[in-house]
Amino acid sequence: MGNRGMEELIPLVNRLQDAVAAGGRCCRLDLPQIAVVGGQSAGKSSVLENFVGRDFLPRGPGIVTRRPLVLQLVNSATEYAEFLHCKGKRFTDFEEVCHEIKVETDRATGTNKGISSIPINLRIYSPNVLNLTLIDLPGITKVPVGDQPADIEYQIRDMIMQFISRKNCLILAVTPANTDLTNSDALKLAKDVDPQGYIGIVNRSQKDIEGKKDIKAALIAERNFFLSQHAYKHMAERMGTPYLQKILNEQLTNHIREILPVLRDKLRRQLSSLEKEVAEFKDCRPDDPAITAKALLLMVKQFSVDFDKKIEGSGNQVDTVELSGGARINKVFHERFPFELVKREFDEKELRREISFAIKNIHGIRSGLFTPDMAFETIVKKQIVKLKEPCLKCVDLVIQELIHTIRQCSHKLDRYPKLREETERIVSSYIREREERTKTQVLLLIDIQLSYINTNHEDFIGFASAQQRYGQLYKKQPAGNQKNYW
């Protein structure tokens, strides 16, 4: 680890992390940390429990990690755990730690698989750990369960990106060994990280977990596995949980050392800014309801203005890196929606076969001279019905962009996490209500098209239009070239 000063770097950042969390995020400080990302049931919990040497994380089907867990590991002679929201209480029973994580998760998200970006801060002291700060993030999923919204995948990816896109965040991407690395969701999200190497570890199987296999015994089995396998024997010293923990500790420590001067300067600037802000309100009474109401209205109004600017495209700062807000919605209408229409499967041979069967079935035993209107309407209506799916998908895409824009605009409420969460919930619920009405209206418009086929429309080449065009063509012919048709 090096000298004593270096060993104190991670605990120092841990104390800063607690101070920022306790302050309600009023100080937007980008602290060095390691984000643990991976697909649902990829083995993230097993990796973290191997680091600690204890079973302390909730398990079960579906999304179990529904709030970010800031896990601070501190090397100590005694073993116990502390939660930031339970100051002064020490947990020595790690089953109680697991229960407290469940209770605190449900308190913020409800019991029906909802998610929240408000983290749980847990610090574990143990002689078996190296100093580390990790953030366990919800597993990437694609299918909503319970009362989860249809865009749960989008919400989780957005939450993960909020953490891993930070400059001072290192990423631990967990991918099962039986998964093709090119298809790993975790590695796709961490694509900006150096992909040159990997560290293999052996977690407990589901059978081991259900059989209450001790983690210490699992670590011994992991070591024996790498030493006994011919493919890994030559690199056994660079494999396994202890080596992974050592590498993460070194990388995090070195990263903290590199950015410490920048971090110190940023803290000084923010301190100066906060002191000026405090001076402005030195004569105000925080318990004055008039002051509270005014501040609340100003923040809500600013959120509304930011949202309008994002959608209308009249923001003061123009993003030159990526599309956002109204520009992304414009892209949905003018690029994505036409693409969805074009990619509808159209088999001309199959269509001709359907037309033939329709005509013959309508005529029955008779041989018809003209194409019956009923056959035409049957085939046309069948094609019109195919418009429903891309139209509804277009609505879904626009709703996703609106929800994403809401989260972008609410970042100014970070210092009041509950206000931000409630604002997002209310506005998102309003949009969801309008989503159902919009889909109903879209389906109504399609049903209107199905109810009446206008064969007199100028774009329709039917019998009447063909007769009219022939008459115009006949009148233009010179008299000498007229022919008799009787």
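Author: The model is a predicted one, and its 486 residues, of which 36% count as buried, form 17 helices and six strands. Side chains of opposite charge can pair when their charged atoms come close. Here the count comes to 21 salt bridges.

Let's begin with Asp-136 and Lys-44, whose side chains meet with an N to O distance of 3.1 Å. This pair links distant parts of the chain, 92 residues apart: Asp-136 belongs to strand S5 (residues 132-136) and Lys-44 to helix H3 (residues 44-52). Asp-136 counts as buried because its relative accessibility is 2%, under the 20% cut-off. Lys-44, at 6%, is buried as well.

Next come Glu-104 and Arg-67, in a salt bridge of 3.5 Å, N to O. Glu-104 sits in helix H4 (residues 94-109), while Arg-67 lies in the loop between H3 and S2, 37 residues apart. Glu-104 is buried at 8% relative accessible area, and Arg-67 is buried at 4%.

Arg-54 and Glu-79 give another salt bridge, at 2.7 Å from N to O. Both are in loops, 25 residues apart: Arg-54 between H3 and strand S2 (69-75), Glu-79 between S2 and strand S3 (80-83). Here Arg-54 is partly exposed at 35% relative accessibility, and Glu-79 is partly exposed at 24%.

Finally, have a look at Asp-396, Arg-432, Glu-435 and Lys-439, which salt bridges join into a network.

Technical notes
Residues are numbered from 1 along each chain as its sequence is written. This is a predicted model: local features need pLDDT of at least 70, side-chain atom pairs count only at pLDDT 80 or more; totals for chains, interfaces and linings use all residues. Side-chain values use heavy atoms; hydrogens and water are left out. Helices (H or I, at least four residues) and strands (E, at least two) are DSSP runs, numbered from the N terminus. Buried means under 20% relative accessible area, exposed over 50%, partly exposed in between (1.4 Å probe, protein chains only). A salt bridge is a side-chain nitrogen of Lys or Arg within 4 Å of a carboxyl oxygen of Asp or Glu.
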